[in-house]
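Thank you all for coming. I would like to walk you slowly through one structure today, so please have the sequence and the model open as I talk.

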Amino acid sequence: MTAEPARTAHWDLVVVGAGPAGSATALGALSVDPNLRVLLLDRDVFPRDKTCGDGVTPHVLDALAEVGVHGMLDDWTPVPQLRLDLGADSVCRPLARQTWVVPRAVLDARLVAAATAAGAELAQHRVRAVRPHPDRVVVDEKLSATVLVGADGAQSLVRRASGLTPVRRRALALRGYAPTPTARAAQQVIAYGHGPQPAYAWSFDRGDGYANVGYGELLHPAGAPPSRALLLRRLAELLPGATDGVAEVKGHLLPLSSWRWPHPQGRVLLVGDAAGLVNPMTGEGIYHAVTSGIVAGRTAATAIRQGLGHLAGGRYRTALRARLGSHQRHTAAVARLSSSGLLVRAGIRAAAADQVVFDDLVEVGLAFGRVSPRTVARVLAGPRRSR
């Protein structure tokens with residue numbers, strides 16, 4: 001990593017933020033044109049920590065394989081089971097495809113390494129100003145790009161520069177690392193609270209003796225955010241002992257996806273959290289970050305090669321809607337319907353009775369799935385019987 005970006009007058013593609021979304025953008029672009037001049041900018045030096053639940057689904061690895069990245073997590077132990085709890089209702093089943101829990105300090109550094117190996121240049125730089133022009137995008141008055149991608153997270157400067165307002169539906173979560181209790185080994189455990197959903201505590205075993213533990217809940221648009229002490233208390237109540245020996249606890253905002261996905265036209269593209277692409281049911285964001293990044297990179301590279309960088313934004317919006325649109329509609333609908341907690345309980349009961357329902361809900365919550373008619377019928381049968 002260079003201390004400052006090279007003072008090259010112009011780059012084909014500049015990516016602001018080198019996390020999973022940004023690195024995936026570079027990989028997507030360079031898979032289309034290995035000779036493309038791609039600059040990755042990040043304010044931090046890698047490896048660096050990032051507050052996150054750290055869950056990596058196999059679908060993330062599938063997407064990376066599309067751009068030539070293989071075996072990235074071969075030295076990490078996968079997690080074979082998922083447990084969901086809501087009061088006395090619980091289900092614990094094997095996952096159809098195992099997931100991984102990998103600290104972002106590890107994951108992000110490996111993705112950055114893959115992007116630079118593919119030909120991207122990485123520079124440490126805090127971006128302070130982005131100005132779109134008809135023929136280019138100017139960064140901090142000293143760099144310019146044919147296309148610029150904002151992968152700079154929930155508080156995205158690039159999003160503001162593109163004219164979009166912040167995502168309204170947001171959640172707040174905190175995360176720490178603690179020794180994995182024996183009872184929760186080899187599991188991803190989610191314990192739902194009794195308030196408006198999503199609101200849950202988690203303990204995700206990393207497979208190395210430690211677990212990623214945390215708690216998150218939906219924020220009320222007009223209310224004050226909950227305090228750190230309150231979030232920690234709710235974590236301890238839902239998962240007793242989860243915080244024993246916990247290391248530093250950090251908080252973060254999650255901009256949740258909704259029915260609509262606004263995106264600007266022109267030369268500025270938004271990916272991952274900056275685009276508001278976080279699963280509203282679960283807060284999962286790594287799959288969406290990597291997928292949106294790859295689609296953005298490919299779209300940008302094609303537009304640049306054709307001399308049509310000004311059309312990249314519209315093309316990207318169309319391509320990503322084709323890839324994720326149906327999934328977003330399903331997750332937004334389920335998130336709204338389950339906000340009271342009634343359907344969360346019904347879903348847990350239906351998943352406990354039927355492995356197919358369990359697998360279906362896991363796909364919707366953690367990756368790229370859609371709610372099947374069979375699952376809808378099984379879940380709704382529970383509240384009907386209760387009435």
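Let me begin with a term: by a nonpolar core I mean a set of buried Ala, Val, Leu, Ile, Met, Phe, Trp, Tyr and Cys residues that are joined through side-chain atoms within 4.5 Å. Please also keep in mind that what you are looking at is a predicted model.

With that term in hand, the largest nonpolar core here has 73 residues, and Leu13 and Leu148 are the ones with the most contacts inside it. The element that gives the most to this core is helix 6, residues 286-305, which supplies eleven residues. There is also a second, separate core, made of 23 residues, and among them are Ala173, Phe204, Val344 and Phe358.

Let me stay with Leu13 for a moment. Which residues does Leu13 touch, once those up to four places away in sequence are set aside? The list includes Thr25, Ala29, Arg37, Val38 and Leu39, then Ala145, Val147 and Val149, and finally Ala300 and Ile304.

Leaving aside neighbours within four places in sequence, His10 is in contact with Arg37, Arg136, Ser144, Ala145 and Thr146. His10 and Asp152, by contrast, are 142 residues apart in sequence and 21 Å apart in space, taken from C-alpha to C-alpha.

Turning now to the strands, strand 4, residues 79-86, and strand 5 run antiparallel and are joined by seven bridges, with Leu84 having Val91 in strand 5 as its bridge partner. These two strands form a hairpin with two residues between them, and in that hairpin Gly87 takes a positive phi near 60°. Strand 5, residues 89-101, also pairs in the antiparallel sense with strand 3, residues 55-56, over two bridges, and there Gly55 stands opposite Val101.

How many cavities of 30 Å³ or more does the structure hold? It holds one, and about 30 Å³ of space lies in this largest cavity. Its lining is formed by Arg169, Ser257, Ser258, Trp259, Pro280, Ala332, Ala335 and Arg336, which by class gives four nonpolar, two polar and two charged residues.

Note on methods. Residues numbered from 1 in each chain as written. Predicted model: local features only at pLDDT ≥ 70, side-chain atom pairs only at ≥ 80, totals over all residues. Heavy atoms only, no water. 1 Å grid on protein atoms, 1.4 Å probe; cavity = no way out; pocket = protein on both sides within 12 Å on 5 of 7 lines; lining within 4 Å. Points joined across faces, edges and corners; volume = space filled by probe spheres on them. Nonpolar A, V, L, I, M, F, W, Y, C, P; charged D, E, K, R; others polar. Buried < 20%, exposed > 50% of the residue type's maximum accessible area, 1.4 Å probe, protein only. Helix = DSSP H or I, 4+ residues; strand = E, 2+ residues; numbered from the N terminus. Contact = heavy atoms within 4.5 Å. Pairing = 2+ DSSP bridges.
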